[in-house]
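Hi everyone, thanks for coming along.

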2 protein chains.
Amino acid sequence: MRELERLFNPRTVAVVGATPKEGKVGNTLLRNLLRFEGEVYAVNPKYERVLGVRCFHSLREIPADVDLAVVAVPAHAVLGVLEECASLNIQNVVVISAGFKEAGKEGAALEAELVRICRRNGINLVGPNCLGVISTHARLNATFSKRMPPAGNIALLSQSGALILAVLDWAVQQHIGFSKVVSLGNKAVLDESDFLEFLASDAETDVVALYLESVEDGRRFMRIAEEIEKPVVVLKSGKTSAGARAASSHTGALAGSTEVFNAAMRQCGVATADSLEELFDYASTLSLLRGRLIRNIAIVTNSGGPGVLAADAVETFNLSLANFSRETLKKLRDALPEEANIYNPVDILGDADALRLGRALEIVASDENVDAVLVILTPTAPMDFEKASDVLLKVNSACKVACFIGGESVKDAVARLRHAGIPNFFDPFRAVRAISVAKCRFRKKKRKEFRRFSVNREEVRRFIEHLREIRFEGVVGVEGFPLLEAYGIPVAPSGVARTSAEAVETARSIGFPVAMKILSPEIVHKSDVGCVKLNLRSEEEVEKAFHEIISRAEKYTTKIGGVLVQKMFSGGREVIVGMKRDMHFGPVVMFGLGGIFVEVFKDVSFRIAPISVEDAFEMLAETKSFSILKGARGEEPSDIEAIAEVLMRISQLCTDFPEITEIDINPLKVFERGCVALDFRMVVKL
Amino acid sequence: MRELERLFNPRTVAVVGATPKEGKVGNTLLRNLLRFEGEVYAVNPKYERVLGVRCFHSLREIPADVDLAVVAVPAHAVLGVLEECASLNIQNVVVISAGFKEAGKEGAALEAELVRICRRNGINLVGPNCLGVISTHARLNATFSKRMPPAGNIALLSQSGALILAVLDWAVQQHIGFSKVVSLGNKAVLDESDFLEFLASDAETDVVALYLESVEDGRRFMRIAEEIEKPVVVLKSGKTSAGARAASSHTGALAGSTEVFNAAMRQCGVATADSLEELFDYASTLSLLRGRLIRNIAIVTNSGGPGVLAADAVETFNLSLANFSRETLKKLRDALPEEANIYNPVDILGDADALRLGRALEIVASDENVDAVLVILTPTAPMDFEKASDVLLKVNSACKVACFIGGESVKDAVARLRHAGIPNFFDPFRAVRAISVAKCRFRKKKRKEFRRFSVNREEVRRFIEHLREIRFEGVVGVEGFPLLEAYGIPVAPSGVARTSAEAVETARSIGFPVAMKILSPEIVHKSDVGCVKLNLRSEEEVEKAFHEIISRAEKYTTKIGGVLVQKMFSGGREVIVGMKRDMHFGPVVMFGLGGIFVEVFKDVSFRIAPISVEDAFEMLAETKSFSILKGARGEEPSDIEAIAEVLMRISQLCTDFPEITEIDINPLKVFERGCVALDFRMVVKL
């Protein structure tokens with residue numbers, strides 16, 4: 001792990017490019033650092049003092065060790081500064097300057113050189129092309145944002161500097177507290193994974209919120225996220241481009257970058273947000289909870305309507321309304337007017353004052369079935385919101401969320417709550433959604449069990465070696481069946497026939513009935529053009545089918561590789577197992593119920609390989625059609641374990657052989673006991 | 001239509017129960033009415049003057065005609081006041097007082113009497129148990145909320161008074177303008193439909209926003225909503241109880257109250273919101289548009305990240321990024337720096353000022369491919385938000401939405417925009433969602449075509465008459481096939497056999513192959529217990545099947561009605577057509593693709609009967625599995641027209657016979673030409 005402690009807690013900071021010119025980045029930077037309690041130096045050959053701070057002509061002249069250098073000089077001068085940092089053994093550098101990779105070819109070359117210097121000298125580089133870093137507890141604002149947010153326990157990492165500008169401005173107004181804020185910039189050296197790794201053991205951070213446009217090393221990110229004992233929430237942009245990529249397999253077509261990203265985050269226990277609001281709503285709730293789980297909510301309200309809206313949302317977001325204990329109900333009955341509703345959501349009625357609210361809150365919060373308390377108040381005449389916020393602040397509950405619905409009447413109370421870290425929402429639906437993020441446990445890697453099957457790796461190696469020799473790259477069909485067998489995946493007994501005599505011979509050795517289909521790279525949907533024949537029960541039928549298939553195929557193509565003769569399996573269910581490689585996350589394993597379910601409902605699930613036993617079973621259970629596999633309505637259940645095993649074996653195969661870039665087993669036929677691959681397609685890149 | 005003009009524009013208002021006691025409803029009411037420009041009278045036998053207003057001992061003593069009486073006296077005294085209103089011919093009365101239906105049996109009796117008086121005397125009654133009404137353009141605040149919202153073009157109807165309190169408080173702060181606000185209370189006389197009908201021709205209202213907990217007369221509401229030429233948005237609470245009801249049919253189980261409500265709203269062109277925020281986000285956008293459609297959005301931003309978030313949301317909400325014309329692109333290229341992105345979303349870069357923003361906005365707004373402009377700004381140093389809001393206000397576009405992301409820096413600019421009716425959102429996702437409500441045209445009834453089939457209504461009448469004679473209520477099975485035939489729905493040739501000889505005889509007359517299944521009210525999933533035999537091709541097979549079915553059935557039940565022998569249809573697709581009666585909307589027709597699609601994916605659609613030709617085809621197209629019916633992947637397409645016709649015929653059947661409360665045709669087998677009902681189940685209540 002990189003030692004980033006001094007980046008966020010430097011004793012000395014130098015601003016390279018400091019300037020007295022108002023409005024310039026080098027001016028704002030230094031101005032922001034005036035409030036920092038450690039030593040601050042300005043560096044600029046043109047000045048002796050800047051904003052009252054002693055200014056040096058170069059870093060070298062500073063009569064102290066510099067823990068952090070913040071660089072805001074033109075791009076072409078940055079390399080020189082970095083060389084100087086290297087020679088002075090300055091380990092933490094933030095490069096604010098733009099004009100690197102984001103600015104075309106020349107900038108990219110500059111950035112490559114920058115990276116080289118940093119790597120060679122072990123420099124922790126933030127940026128370039130970034131806003132800087134903030135460490136509230138150290139009172140360090142090394143950014144050119146004028147806003148210093150309140151100190152809090154949320155760390156924010158953002159790939160967009162503009163977004164940080166906006167969020168800080170908003171955070172000050174809304175009293176949202178942060179521990180650290182990092183503008184990732186071009187992520188030339190330090191990326192989200194490095195900071196996540198550091199934050200894992202940062203005592204000031206309880207929650208990590210990320211805004212990402214890309215993930216540099218998806219697998220490393222997952223590994224770190226799996227280890228971190230803190231909730232992580234991420235908002236990723238760039239969904240639009242997802243569907244654009246052409247794909248040559250089912251799995252490829254279905255595994256868009258968004259689907260893969262979301263599956264990866266689920267797999268490593270990171271919550272995903274769909275919007276900026278959600279990101280901060282979730283982070284706010286999680287910052288209260290310090291890892292506690294929420295399932296059962298108690299709602300206390302002075303108005304029926306909004307109470308019902310919240311109860312609806314509890315159902316929508318798969319939470320539960322807490323079932324109060326008998327004792328709680330008795331206490332509520334005693335404390336509240338007769339017409340009040342003592343069941344959840346508790347309606348303390350429109351004539352309730354803060355005193356009655358307090359009584360009701362104390363009672364429900366002390367019920368051990370209650371994980372979180374949501375208070376929903378409308379501005380009735382008897383409700384004093386200052387007192388109501390007092391009451392809420394005093395209540396002893398791990399998760400208190402407010403929904404004071406109103407404007408002027410609730411404004412001050414809402415601000416008080418926010419100061420105390422209690423989120424308030426105008427909308428009951430949104431309040432419940434914010435709480436719902438805490439319904440999942442953040443999983444830890446240590447609980448995962450990985451199975452490694454004993455396989456014939458050598459055979460696959462030889463197969464691929466052979467392809468390499470004949471310089472074959474592209475699609476391998478059922479002729480790749482031996483690879484599946486080598487990895488312990490059962491395949492249907494089959495043979496390829498080039499003449500009708502061969503077909504009959506093969507059928508006889510396999511045993512009747514058989515299925516036959518054309519082998520041609522140019523006929524994808526074979527059954528659509530009549531090139532599949534099923535349930536052939538005699539030599540005559542096989543012979544006839546062979547001629548029919550060939551003559552139909554010849555209407556479409558001359559590239560005919562023969563006819564596949566395969567043992568016919570009746571009964572069972574068809575599922576798809578697949579794999580593709582994602583640019584950022586590597587091999588992704590896919591599962592789905594066959595045919596129409598995949599095509600029409602896109603009812604598939606993904607996991608990043610290698611997958612654990614738990615992952616494999618979760619993949620199955622995540623699909624809606626899982627109930628069919630389990631044997632809905634008394635039908636024969638399918639062999640779940642067998643499918644899970646195939647998923648794990650495919651995971652092992654693609655982990656072992658990076659040359660295999662896509663796999664479709666479609667269909668894998670699953671029976672009450674066991675399963676068998678009926679068709680196979682893989683893409684090999686050498 | 002009730003004449004509600006004087007309710008919202010009275011010349012004279014009397015407050016019955018006015019009191020000088022601070023904090024009492026009768027005091028707040030009168031105080032709020034002091035700002036009203038017409039005549040205001042207080043009524044209370046105890047006082048001569050209240051708050052400087054002349055106070056009369058009774059309504060009778062007022063020396064003028066009273067257009068509107070607002071009543072805030074104890075429940076037991078309300079009837080007396082109403083009798084007095086009736087005798088004085090006061091036509092508009094708002095009863096604020098609680099203690100009626102919501103307060104138990106005694107209150108319900110009081111309310112019934114209240115209704116009687118109003119109906120007898122043609123009194124327009126709002127409430128009881130409500131907050132009152134507001135008419136901003138008339139400067140009338142006849143509620144006990146101290147907040148008078150700004151005047152605007154949104155009318156708000158709410159079944160929760162507390163919600164109005166909250167929304168008014170918030171609206172004042174946020175500068176959301178309303179034309180009328182009505183607290184519906186117990187809806188004893190006037191309900192949402194009455195007000196909607198009035199608002200249809202209210203010149204001050206362009207958008208109607210509703211919060212409902214129930215719909216009194218769903219069909220009337222739909223009829224009025226279909227006629228109204230203004231957008232209507234509704235938030236309905238009370239989803240939680242939806243699933244609770246037991247149901248005896250597929251259709252019954254799937255058509256929960258939420259599903260039916262949403263289908264009904266879609267059918268009559270009303271937009272539905274999932275939350276309070278959505279309700280007002282949608283209303284705000286619609287209030288700008290006056291009926292215009294939005295499809296193509298132009299995004300202009302000074303920061304890449306939030307721009308991408310907005311572009312993602314455009315895809316999520318099925319809108320489009322406008323394709324700029326060549327001319328627009330050229331102009332943008334000339335007006336913006338070289339590094340700027342001139343394609344949608346337009347990135348005017350972080351160093352942009354309001355001037356550059358203005359240039360870009362003018363150019364994209366004048367492109368005729370652009371329906372709406374979304375401006376996303378973060379608080380960069382060069383961006384002056386006051387100027388930015390000026391620029392945005394000046395731009396000539398029908399739909400301008402802002403996303404000024406920030407806190408203090410953007411606050412004043414946001415307030416200025418809101419004053420001018422331009423909504424601002426912190427979150428790009430939410431901004432796009434708000435715009436997306438305007439992507440559907442609000443449909444008008446006149447465009448709908450209804451088909452009335454010539455059917456044998458008499459036969460169904462006789463069938464039901466017979467059931468009435470034998471006092472049969474409950475489930476009718478395939479013995480009801482003649483009803484379907486009478487309504488022109490093809491059914492599979494079938495016969496009921498009580499002996500194996502009868503079975504053979506029936507099979508012979510129908511023709512082989514046949515299917516056979518048990519008839520027993522106690523065996524629901526017949527195939528699960530082996531009581532279905534398919535594809536029987538000879539007399540021997542039929543005889544054997546008969547005995548097998550009977551002997552298996554006898555393990556489960558003694559109630560055996562015989563064995564159904566039915567012509568076997570091979571090929572085709574199975575769909576479900578159903579009907580159930582909803583408490584609020586009456587007969588609801590359901591469509592879904594058969595079996596697993598309905599059970600696992602709940603891929604079904606609903607419409608309230610009678611359904612138009614358009615409705616029938618929309619029902620089909622709304623399901624995800626529609627692509628299968630259309631013939632995915634070169635498979636035989638199903639006869640869409642035939643299914644649509646069955647839906648319309650079922651609609652006609654259930655409209656004609658209210659005694660039929662549930663129908664399942666499951667499956668209806670559909671072929672390339674035509675379709676046929678294979679099983680039937682209906683519930684009759686007499």
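Before we look at the sheet, one term: two strands count as paired here if DSSP finds at least two bridges between them. And please keep in mind that this is a predicted model.

With that in hand, let's start in chain A. There is an open sheet of seven strands, and its order is β3-β4-β2-β1-β5-β6-β7, with mixed pairing. Which strands stand at the edges? They are β3 (49–50) and β7 (124–126) of chain A; each has a single partner strand, so one side of each has no neighbour in the sheet.

Strand β1, residues 12–16 of chain A, runs parallel to strand β5, residues 68–71 of chain A, and four bridges join the two. A:Val16 has A:Val71 as its bridge partner in β5(A). On to the next neighbour: β5(A) also pairs with strand β6, residues 92–95 of chain A, again in the parallel sense and over four bridges. Here A:Ala69 stands opposite A:Val93 in β6(A).

What about the side chains of β5(A)? A:Leu68 and A:Val70 point one way from the strand, while A:Ala69 and A:Val71 point the other way, and all of them are buried.

Let me pick out one more residue in this sheet. A:Tyr41 lies in strand β2, residues 39–43 of chain A. Is A:Tyr41 buried or exposed? The cut-off for buried is 20 or more other C-beta atoms within 10 Å, and A:Tyr41 has 24, so it counts as buried. Leaving aside residues up to four places away in sequence, A:Tyr41 touches A:Ala14, A:Val53, A:Arg54, A:Phe56 and A:Ile62.

Zooming out to the whole chain: chain A has 24 helices and 30 strands. Its C-alpha atoms fill a box of roughly 95 × 80 × 40 Å along the principal axes. Of the 686 residues in chain A, 53% are buried. If you take the contacts in chain A with a separation of 6 or more, 72% are between residues 24 or more positions apart. The domain assignment of chain A gives domain 1 (5–205), domain 2 (296–436), domain 3 (493–568) and domain 4 (573–684). Over C-alpha atoms, the centres of domain 1 and domain 2 of chain A are 43 Å apart.

Now for the two chains together. Chain B superposes on chain A by a rotation of 180 degrees with 0.0 Å of shift along its axis, at an RMSD of 0.1 Å. The two copies are therefore related as by a two-fold rotation axis.

How many residues of chain B are in contact with chain A? The count is 59 residues of chain B, meeting 59 residues of chain A. On the chain B side, α5(B) gives the largest share, nine residues. By class, that side has 23 nonpolar, 22 polar and 14 charged residues. And 100% of the interface residues of chain B are also interface residues in chain A, so the copies meet through the same surface.

That's my tour, and I'm happy to go back to any part of it on the screen.

Notes: Residues numbered from 1 in each chain as written. Chains lettered and ligands numbered in written order. Predicted model: local features only at pLDDT ≥ 70, side-chain atom pairs only at ≥ 80, totals over all residues. Contact = placed C-beta atoms within 7 Å. Nonpolar A, V, L, I, M, F, W, Y, C, P; charged D, E, K, R; others polar. Domains from an automatic or database assignment. Least-squares fit on C-alpha atoms with pLDDT ≥ 70 in both. Buried ≥ 20, exposed ≤ 12 C-beta atoms within 10 Å, placed from the backbone.
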